[in-house]
Amino acid sequence: MRAMVLEQFGAPLRLKNVPVPKPGPNEALIRVRVCGAGLTVVIMVATPGRIAAYPRIPGHEIAGEIVAVGSEVRTFKVGQRVTNHYYLTCGHCRYCRSGRETLCENFRGNVGQGCDGGYAEYLTLPERNLVAIPDGVTDLEASVASDAIATPYHACHKEAQVSPGDNVLITGAGGGVGIHMVQMARLCGGRVIAAEVGEEKMELARSMGADEVVDARRGEIVKQVKALTGGRGVEAAIDMVGNSETLSACLASLAPAGRMVIIGSKPKSVYGADPSFVVNPQEFMRQAQEIHGSRYVNNEEIIRTLELVKHKRIRAVVNRTFPLEEAEQVHELLRKNAIAGRAALIVS
Ligand SMILES: [Zn+2]
């Protein structure tokens, strides 16, 4: 089969012919139709130590069709269309059993990092990771829904707890996850203040429902946010960028009792700059604010996200698609922050 393979740390993705993998007893073999490509993959492959063994096939936002199942698989059948949860978990620990599987005590890494992923014509996935794609949702929509739309579902609903009437600041609102965060925060009843750089992303945020768009190049995000909220600040600030500047701006933009959510991550090992930010404990306590770390979703949240897509409550924003063999060019565009909305590889 054709696959885009990483042969060693730091190497570019190369198109190779490799054997079709065989599913284990608890796994399914999937013919990949579409695989999303975003910063998560780019950061994953560039962070030293994340991939323990090479060669490795990345890609974790998969949509495809089951072509074979292992002897122990009971809940999925050949021919079914599926997408996936991208954490490799045990299913038995306290976190897995309480719907917090992203905190699994026996975590084995992510799809595309701990095992081969979807930048290939076929991959195997554990039955536990599979989520059926409902009728009325395309493969392209489902692939993006499994991470770039599901992540906003958890972040807005569980962490930021966006309620009708809340002002919600979203930094990096025109990116692959951010553009769906804008829609999700609106769906939860929020008034969205989107911060972005570049006309294309600012315009995309506006067109997908942002009530206000703040130009982050002008600096002074906090001042602009305060001006738009009568000086009070926002009830929720969701940071998709994750550098010390945006994190500090989100914290300083919060109203009393405001919730800040950290999702974006710009590790120093990849970006060179330290993303730490300062919290003034006295001020933080006095204002009774909250900082939440948001880690992906559970399986049920992917199911709900797919329902939202099916019923047209959220639109999958995939502005650019590419053939599988152009994966390295897509990563280069993502590194340059040059893709508005999500990108996806059309595999077969
Ligand atoms: Zn577990």
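In the structure described here, which is a predicted model, K312 counts as exposed because 8 C-beta neighbours lie inside 10 Å. K312 is placed in the loop between α9 (299–310) and β14 (318–323), and its phi is positive, at about 60°, although the residue is not a glycine. A positive phi, near 50°, is also found at A288, again a residue other than glycine. A288 lies in the loop between α8 (281–286) and β13, and with 9 other C-beta atoms within 10 Å this alanine is therefore exposed.

The domain assignment divides the protein into domain 1 (2–132 + 317–346) and domain 2 (151–293), whose C-alpha centres are 28 Å apart. Contact between the two involves nine residues of domain 1 and 13 residues of domain 2. On the side of domain 1 that touches domain 2, five residues are nonpolar, three are polar and one is charged.

The largest nonpolar core comprises 110 residues, of which V168, I170, M181, V182, A194 and I238 touch the most other members. Helix α2 (residues 139–159) supplies the largest share of this core, with nine residues, and at least three residues are drawn from each of domain 1 and domain 2. In soluble globular proteins, nonpolar side chains tend to be buried together. For I238, the contacts beyond its neighbours within four places in sequence are A155, A160, V168, I170, M181, V261 and I263.

An open sheet is formed by six strands in the order β10-β9-β8-β11-β12-β13, with parallel pairing. Its edges are β10 (212–215) and β13 (290–293), each of which pairs on one side only, and neighbouring strands are turned against each other by 20° on average, direction ignored. Within this arrangement, the parallel strands β11 and β12 are joined by five bridges, and D239 has I262 in β12 as its bridge partner.

Two helices can be described in relation to these strands. Helix α3 (residues 178–187) lies across β8, β9 (191–196) and β11, and its direction makes an angle of about 175° with β8. In helix α6 (residues 244–252), the buried residues are T246, L247, A249, C250 and L251; the buried residues of α6 pack against the strands β8 (167–171), β11 (234–239) and β12 (254–262), and also against helix α5 (221–228).

Two further loop positions were examined. V20 is located in the loop between β2 (14–17) and β3 (27–37), and is classed as partly exposed because 15 other C-beta atoms lie within 10 Å. Residues up to four places away in sequence being left out of account, V20 touches M1 and Y122. The C-alpha atoms of V20 and T124 are separated by 9.2 Å, although these residues are 104 residues apart along the chain. The other position, P55, is found in the loop between α1 (39–46) and β4 (61–69), where the peptide bond joining Y54 and P55 is cis, with an omega of about -5°.

Methods: Residues are numbered from 1 along each chain as its sequence is written. This is a predicted model: local features need pLDDT of at least 70, side-chain atom pairs count only at pLDDT 80 or more; totals for chains, interfaces and linings use all residues. A nonpolar core is a set of buried Ala, Val, Leu, Ile, Met, Phe, Trp, Tyr and Cys residues joined through C-beta atoms within 7 Å. A residue is buried if 20 or more other C-beta atoms lie within 10 Å of its own, exposed if 12 or fewer, and partly exposed in between; C-beta atoms are placed from the backbone. Helices (H or I, at least four residues) and strands (E, at least two) are DSSP runs, numbered from the N terminus. Domain bounds come from an automatic or database domain assignment. Two residues are in contact if their C-beta atoms, placed from the backbone, lie within 7 Å. Ala, Val, Leu, Ile, Met, Phe, Trp, Tyr, Cys and Pro count as nonpolar, Asp, Glu, Lys and Arg as charged, and the others, Gly among them, as polar. Two strands pair if DSSP finds at least two bridges between them. Axes are lines fitted to C-alpha atoms, for helices over the stretch in contact, and angles run from 0 to 180 degrees between N-to-C directions.
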